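Student: I would like to learn how to read a protein model step by step. Could you take me through one slowly?

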Amino acid sequence: MKKENIKYLRISVCMICAFVLWTVLIRFADVQPVGPQNSSVGLASVNVWIHNMTGVHMWLYTVTDWLGLVPVCFIFGFGILGLCQWIKRKSIRNVDHDILILGGFYIIVTAAFLFFESFVINYRPVLIDGALEASYPSSTTLLVMCVMPTAAMQIGKRIKNRILGRCAVYTIIAFIAFMVAGRSFSGVHWFSDIIGGLLLSGGLVMMYKYTCVALK
């Protein structure tokens, strides 16, 4: 288990480092004013080429935007679970350690989201309600890819019925695939935004997994 846990740490560090390098590349490589209102876009040639191929499908943006409430519900659900354990067991120290770690994990994800809302790398390839919005990394991809895999870990552990647990996990996997694909083909993000969201969320989830096992 120790060797396996070190593997989680290595994967996490590699993915976070890859995210940092990817961000630097987007910030400085092939930057051109090809976005709405002449906004600058990194890796412009590749991003524009892929964007022209996929086109813009606002209905898909709307669907994935509303479905973004699903991971938010999971956040509140696990928050309520932790609160109930705290009240019942009369001490926060007696709350399941993986639930406490999950709470810290959610705080880190929120901090990452707020940081990139303030420190804009790229703007969206389309205007939303007539305004430019920060686009990198894809916040919906980041939210889904951080919350849903950790939810699958929790559900797989807590549902005792094996068949029911597997069905729940497979449903979550299908939801993740639809959300990432839907966000990619909706045309409201550059290709580099999706990749950035995948790299950052992958690194954070592996760090969560490592921390849970290390502190078990």
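Tutor: What follows is a walk through some features of this model, which is predicted.

Student: Let us begin with the inside. Which residues have the most contacts inside the largest nonpolar core?

Tutor: A nonpolar core is a set of buried nonpolar residues joined through their side-chain atoms. In this model the largest such core has 39 residues, and those with the most contacts inside it are Phe105, Tyr136, Met148, Ile172, Ile176 and Leu200. At least two residues of this core are supplied by each of the helices H1 (2-28), H5 (97-118), H6 (139-158), H7 (162-186) and H8 (191-214), and the largest share, nine residues, comes from H6.

Student: Which residues does Leu200 touch?

Tutor: Leaving out residues up to four places away in sequence, Leu200 touches Phe19, Ala112, Phe116, Pro137 and Leu142.

Student: How should I read the way two helices pass each other? At what angle do the axes of H6 and H8 cross?

Tutor: Angles under 35 degrees count as roughly parallel. The axes of H6 and H8 come within 8 Å and cross at roughly 30 degrees, and these two helices are therefore roughly parallel to each other. The crossing in which H6 passes H8 is right-handed. On the side of H6 the contact is made by Thr141, Leu142, Met145, Cys146, Pro149, Thr150, Met153 and Gln154, while H8 brings Ile194, Gly197, Leu198, Leu200, Ser201, Leu204, Val205, Tyr208 and Lys209.

Student: Now for single residues. Is Val109 buried or exposed?

Tutor: A residue counts as buried when its relative accessible area is under 20%. Val109, whose place is in helix H5, has a relative accessibility of 8% and therefore counts as buried. Not counting residues up to four places away in sequence, Val109 touches Leu142, Cys146 and Leu204.

Student: Is Gln85 buried or exposed?

Tutor: Gln85 lies in helix H4, and because its relative accessibility is 9%, Gln85 counts as buried. With residues up to four places away in sequence again left out, Gln85 touches Lys90, Val95, Asp96 and Arg158.

Student: Let us turn to the backbone. Which two residues does a cis peptide bond join?

Tutor: The omega angle describes a peptide bond, and in this model a cis peptide bond with omega of about -15 degrees joins Tyr136 and Pro137. Pro137 has its place in the loop between H5 and H6.

Student: What is the value of phi for Gln37, and what is it for Asn38?

Tutor: Phi of Gln37 is near 55 degrees, which is a positive value in a residue other than glycine, and phi of Asn38, likewise not a glycine, is positive too, near 60 degrees. Gln37 is found in the loop between H1 and helix H2 (44-54), and Asn38 lies in the loop between H1 and H2. With a relative accessible area of 56%, Gln37 is exposed, and Asn38, with 60%, is exposed as well.

Key
Residues numbered from 1 in each chain as written. Predicted model: local features only at pLDDT ≥ 70, side-chain atom pairs only at ≥ 80, totals over all residues. Heavy atoms only, no water. Core = buried A, V, L, I, M, F, W, Y, C linked by side-chain atoms within 4.5 Å. Buried < 20%, exposed > 50% of the residue type's maximum accessible area, 1.4 Å probe, protein only. Helix = DSSP H or I, 4+ residues; strand = E, 2+ residues; numbered from the N terminus. Contact = heavy atoms within 4.5 Å. Axes fitted to C-alpha atoms, helices over the stretch in contact; angles between N-to-C directions. Parallel < 35°, antiparallel > 145°, perpendicular 65-115°, else oblique. Left-handed = near helix turned anticlockwise from the far one by under 90°.
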